[in-house]
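The sequence and structure come first.

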Amino acid sequence: MKEVRLFVLLLLVSGPFSIAQSKKATNPPAPGFDLAGSDARAVQIADEVMAAMGGRAAWDETQLIAWNFDGVRKLVWDKWSGDVRVDNLHDDQTVLLNINNDMGRVFRKGEELTTADSVVKYVRQGKRNWINDSYWLFMPFKLKDPGVTLKYIGPEPTQIGKPADVLQVTFKNGSPMPGTRYKIWVDKKSRLVTQWAHFQKPVDQQPAFILPWDDYQQHGNILLSGDRGDHELTDIMIFSGLPGEVFSDFTRTDLSRYPAAK
């Protein structure tokens with residue numbers, strides 16, 4: 001009888017710790033995530049969102065992604081290397097850059113730019129575009145990114161009345177989006193993000209916009225949503241491989257020639 005009691009006691013003592021360790025291993029925060037400033041309920045919901053989107057392993061194994069941001073830009077991103085291609089659709093401009101080292105090349109108005117100041121200017125612009133456009137598509141996977149602080153606001157329905165849990169997302173100085181704030185609605189049942197609101201400053205009471213996250217589709221092993229109400233993210237494709245010219249040749253590449261993951 002003593003052995004049984006000891007076994008139960010060990011389960012009670014080690015159980016929560018083991019579960020916490022398991023959850024941490026399943027979706028560990030990125031270095032620089034504000035774990036101390038985030039509350040436990042918000043972190044738990046972020047992990048549930050990651051699982052609903054396909055899981056951390058599936059996200060980490062996703063390498064090559066292409067999409068069209070609202071008819072303004074086409075982007076291709078190699079998550080593993082940091083290489084990004086940005087084709088601006090409203091003018092003759094292509095930026096090939098690496099987001100990890102901020103090095104890149106620029107093609108503009110029929111020729112490659114060679115002046116250092118101009119190259120730096122447009123490479124920085126290309127990276128800002130990538131930060132914005134990738135967040136619009138991949139935000140649910142980035143809730144535990146560097147510089148992010150998560151707070152649980154509480155239950156609140158979306159604009160169409162769907163029950164949801166609401167997270168507040170803020171960014172510390174030094175992060176890619178300092179001084180901005182989001183509210184994220186997470187569906188009570190599916191645990192998918194179904195709405196977001198953007199506040200340009202943390203103190204703003206009224207958001208710059210409130211938009212839905214609709215039309216989730218399977219791409220490879222993850223789910224992605226492209227419907228933002230008045231804005232659309234289209235031509236979403238995930239590839240297991242692409243030729244190196246995509247990130248080195250200014251000629252616009254027809255990606256439809258290459259098989260996308262289903």
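## Overall chain

The accessible surface of the chain is about 14,000 Å², and carbon and sulfur atoms hold 55% of that area. The model is predicted. Its C-alpha trace spans about 80 × 40 × 35 Å along the principal axes. The chain has 262 residues, of which 44% count as buried.

Four helices and 14 strands make up the secondary structure of the chain. Among contacts with a separation of 6 or more, 46% are between residues 24 or more positions apart.

## The open sheet

Nine of the strands form an open sheet with antiparallel pairing. Their order across the sheet is E6-E5-E4-E3-E2-E1-E14-E13-E12. The edges are taken by strand E6 (111–112) and strand E12 (214–219), each of which has a single partner strand, so one side of each has no neighbour in the sheet.

Within this order, strand E1 (residues 64–69) sits beside strand E14 (residues 231–239). The two run antiparallel and are joined by five bridges.

## The largest pocket

The volume of the largest pocket is about 700 Å³. Its lining consists of 34 residues, and those nearest the centre of the pocket are Ala30, Trp77, Lys142, Asp145 and Pro146. By residue class, the lining holds 20 nonpolar, seven polar and seven charged residues.

Which helices supply at least two residues each to this lining? They are helix H2 (40–52), helix H3 (56–61) and H4. The most comes from H4, which contributes five residues to the lining.

## Arg124 and helix H4

Helix H4 covers residues 116–138, and Arg124 is found in this helix. Is Arg124 buried or exposed? Its relative accessibility is 55%, and because exposed means over 50%, Arg124 counts as exposed.

Terms used: Residues are numbered from 1 along each chain as its sequence is written. This is a predicted model: local features need pLDDT of at least 70, side-chain atom pairs count only at pLDDT 80 or more; totals for chains, interfaces and linings use all residues. Side-chain values use heavy atoms; hydrogens and water are left out. Buried means under 20% relative accessible area, exposed over 50%, partly exposed in between (1.4 Å probe, protein chains only). On a 1 Å grid over the protein atoms alone, a cavity is a set of points where a 1.4 Å probe fits but cannot get out, and a pocket is an open set with protein on both sides within 12 Å along at least five of seven lines; lining residues have an atom within 4 Å of a point. Grid points are joined across faces, edges and corners, and a volume is the space filled by probe spheres set on the points. Ala, Val, Leu, Ile, Met, Phe, Trp, Tyr, Cys and Pro count as nonpolar, Asp, Glu, Lys and Arg as charged, and the others, Gly among them, as polar. Contact means heavy atoms within 4.5 Å. Accessible areas come from the Shrake-Rupley method with a 1.4 Å probe; for residues, only the protein chains shown count as cover. Two strands pair if DSSP finds at least two bridges between them.
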